[in-house]
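Look at the sequence and structure before reading on.

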Amino acid sequence: MSDKTLLHIKKHINNIDFNEIIKFNSVANCWWDPNGAFKVLHQINPIRLDYILNCSKGLFSKNVLDVGCGGGILSESMAREGAKVTGLDISAELLESAKQHALESGISINYIHQTVEHHASIYPGAYDIITCMEVLEHVPNPKLIVQACAKLITPNGEVFFSTLNRNLKTLLIAIIGAEYILRMIPCRTHNFNKFIQPAELLDWIDDTSLHEKQIIGLKYNPFKDQFYLCNNVDVNYILYTKQSI
């Protein structure tokens, strides 16, 4: 391994929260249980996929990168739409779960154990579509993730970010409500201080070659146990961006 490669690895490790890796490794074996710890991910996946498909006008034959792919729920969905998918994650155990499920499902996905910053240093401008869903709030410096995605996307390519807003409403709904009262997701999944206000994310976007196309909210109806897209970005939101030509 060259000194240059070692320097890249050391630099990008600084943007890894190893406590987050330990936390997600501990539940890797239940990632694909639709009624288990990640039921919410299974519920919102069709909504996210439809949004990506509508914005991008389809994924067939496109090179797609799923940043922070976890166990591969979104990755597999995009591959089924005909995309050539690369899934990137820093958890080896989650990637093993993703690889195993893809193998059992007969789906071809290129899963890589690597930081997105390191990946961007090797494959600049390699992808037509990039998804970065619920990743930014789990790293020490989310701006670096945004910058890496901007480097990896092709001219006129599209990048989708999703994360959680930082305000009292999100604290009550996403942490106290979802984690401790309704038990929709495992307790301590999120750290409120790492949540990102839309204005902050847009500022980071402005420092790259990406530009905002649309920002849309994701809400939950507890009476119907359903999620839906809306114009309210108080809690969960998706930012759709496009690379400047």
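K219 stands opposite Y228 in β7. Strand β7 (residues 226–230) pairs with β6 in the antiparallel sense over five bridges; strands count as paired if DSSP finds at least two bridges between them. Strands (E, at least two residues) and helices (H or I, at least four) are DSSP runs, numbered from the N terminus.

Four residues lie between β6 and β7, which form a hairpin. In the turn, D225 has a positive phi of about 55°.

The model is predicted: local features need pLDDT of at least 70 and side-chain atom pairs count only at pLDDT 80 or more, while totals for chains, interfaces and linings use all residues. Residues are numbered from 1 along each chain as its sequence is written, and side-chain values use heavy atoms, with hydrogens and water left out.

## Helices α3 and α4

How do the axes of α3 (residues 39–56) and α4 (residues 73–80) cross? They come within 10 Å and cross at roughly 40°. Axes are lines fitted to C-alpha atoms, for helices over the stretch in contact, and angles run from 0 to 180 degrees between N-to-C directions. The two helices are therefore oblique to each other, a class for angles that are not under 35 degrees (roughly parallel), over 145 (roughly antiparallel) or 65 to 115 (roughly perpendicular).

The contact (heavy atoms within 4.5 Å) is made by L41, H42, N45, L49 and I52 of α3 and I73, L74, S77 and M78 of α4.
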